Amino acid sequence: MSDPGRSDVLFKLSNVHKHFQQGRWLRWSAGRTPVRAVDGISFEIRRNETMSLVGESGCGKTTTARMILLLESQTAGTITFRGREIATLRGEALREYRASVQAVFQDPWSSLNPRHNARAIIGEPLVINRGMSGADLAETVDTLLTAVGLNVAVANYMPHELSGGMRQRLAIARAISLDPSAVVLDEPVSALDVSVRAQIMNLLKDLQERLGVAYLLIAHNMATVRYLSHRMAVMYVGRIVEAGASEDLFTAPLHPYTQALISAAAVNHPGSTQDQIILSGDIPSPANPPPGCRFHPRCPKAFGRCSGEVPQLQEMAPGHFVACHLYRNPSS
């Protein structure tokens, strides 16, 4: 899922795995099957674009984001940033990377220090990484507050004095304070009231256009994904089953799992006549995934080959990849 000729690639993930040992601190855990949270994924994040990872809870989306943020180390595979493997970064190079890649988390309450006011929350990265102080720091904080649609008077407020939407704007201001190249958005609007979600999504789009920042969006709400994304990858039990331009996947999804996700979102859309695809069974455990295609026990279109052979991602149209035995690459 990569184009070696592109020069606008920020991140490149190549065959990345993340396995967790069950009960790793217990003496009797030796030999237990590891949890394959992420099991061989590859994709790119390009400058000035939003790349989304979607799927049900437990599919590996957040684990992937944590590896990019260096909160987890991959078990195998490589993650490069501007051509350099992030696992090898040390010293000043590591410091620059952490400043260049920021995050906005799902819950704006737990991600903000309750003992600091807004000025201190936004200013802390600037003090630590840029050595700012005094009037320069105050002016920059005021500029950032204005950039995210907050009044400069909010600088003196504590997080508990702000609404959920205002707290998330504050978290966004902190994330862009160091002029990052990329921001990981981990369910950035799912904890907000419906009336506020559109405001925050519009803010994120506006900031991307003005700052040229790339987003990795972790989400399960398909309406949010469609509105914000340029490209998306659908994950199921640690693997990517379909990837491509967001509009291509929404208008012509190929994988039965993608079709089910999009049909579930369409049912709640006014005027939609699409029937919802109801999947049987439960998501399998990543500690004991089924053989062959991991989706085959729930797939309404499964046939014999699906239970014995792992499907590989293949390009069905320019930039549109799917891992499903229902399809055959037209060029093969």
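The model is predicted: local features need pLDDT of at least 70, side-chain atom pairs count only at pLDDT 80 or more, and totals for chains, interfaces and linings use all residues. Residues are numbered from 1 along each chain as its sequence is written, and side-chain values use heavy atoms, with hydrogens and water left out.

Spaces were found on a 1 Å grid over the protein atoms alone: a cavity is a set of points where a 1.4 Å probe fits but cannot get out, whereas a pocket is an open set with protein on both sides within 12 Å along at least five of seven lines. Lining residues have an atom within 4 Å of a point. Grid points are joined across faces, edges and corners, and a volume is the space filled by probe spheres set on the points.

The largest pocket holds about 510 Å³ of space. It is lined by 20 residues, of which R98, V101, Q102, A103 and R174 are the closest to its centre. Helices (H or I, at least four residues) and strands (E, at least two) are DSSP runs, numbered from the N terminus. At least two lining residues of the largest pocket come from each of α2 (91–100), β6 (101–104), α3 (118–130) and α5 (164–176). Among the contributors, α3 has the largest share, with five residues. By class, the lining of this pocket has 14 nonpolar, three polar and three charged residues. In this scheme Ala, Val, Leu, Ile, Met, Phe, Trp, Tyr, Cys and Pro count as nonpolar, Asp, Glu, Lys and Arg as charged, and the others, Gly among them, as polar.

Two cavities reach 30 Å³ or more. The largest cavity has a volume of about 60 Å³, and its lining consists of H255, C293, F295, C299, K301, A302, C306, A323, C324, H325 and L326. These divide into eight nonpolar, two polar and one charged. The second largest cavity holds about 30 Å³. Around the second largest cavity are E56, S57, G58, C59, Y236, V237, Y257 and I283, with five nonpolar, two polar and one charged residues in the lining.

Y257 also belongs to the largest nonpolar core, which has 56 residues; V148, I172, M232, V234 and Y257 touch the most other members. A nonpolar core is a set of buried Ala, Val, Leu, Ile, Met, Phe, Trp, Tyr and Cys residues joined through side-chain atoms within 4.5 Å. Buried means under 20% relative accessible area, exposed over 50%, and partly exposed in between (1.4 Å probe, protein chains only). Apart from this core lies another, of 31 residues, including L10, F43, I45 and A103. In soluble globular proteins, nonpolar side chains tend to be buried together. Beyond its neighbours within four places in sequence, Y257 is in contact (heavy atoms within 4.5 Å) with G55, E56, V234, M235, Y236, V241, L279 and F295.

Not counting residues up to four places away in sequence, S52 touches L217, V225, S229, R231, M232 and A233. D39, in strand β2 (residues 35–46), is buried with a relative accessible area of 9%. The side chain of D39 makes a polar contact with the side chain of H17 (3.0 Å).

Helix α1 (residues 61–68) is largely enclosed by the rest of the structure, because six of its eight residues are buried. These are K61, T63, T64, A65, M67 and I68. Just after α1, L70 takes a positive phi of about 65°.

Most residues other than glycine have a negative phi. N48, not a glycine, has a positive phi of about 65°; N48 sits in the loop between β2 and β3 and is partly exposed, with a relative accessible area of 45%. V237 has a positive phi near 50°. V237 lies in the loop between β9 (231–236) and β10 (239–245) and is buried, with a relative accessible area of 2%.

Definitions and conventions: A polar contact is a pair of N or O atoms within 3.5 Å; within protein, one must be able to donate a hydrogen and the other to accept it, and residues adjacent in sequence count only if both atoms are side-chain atoms.
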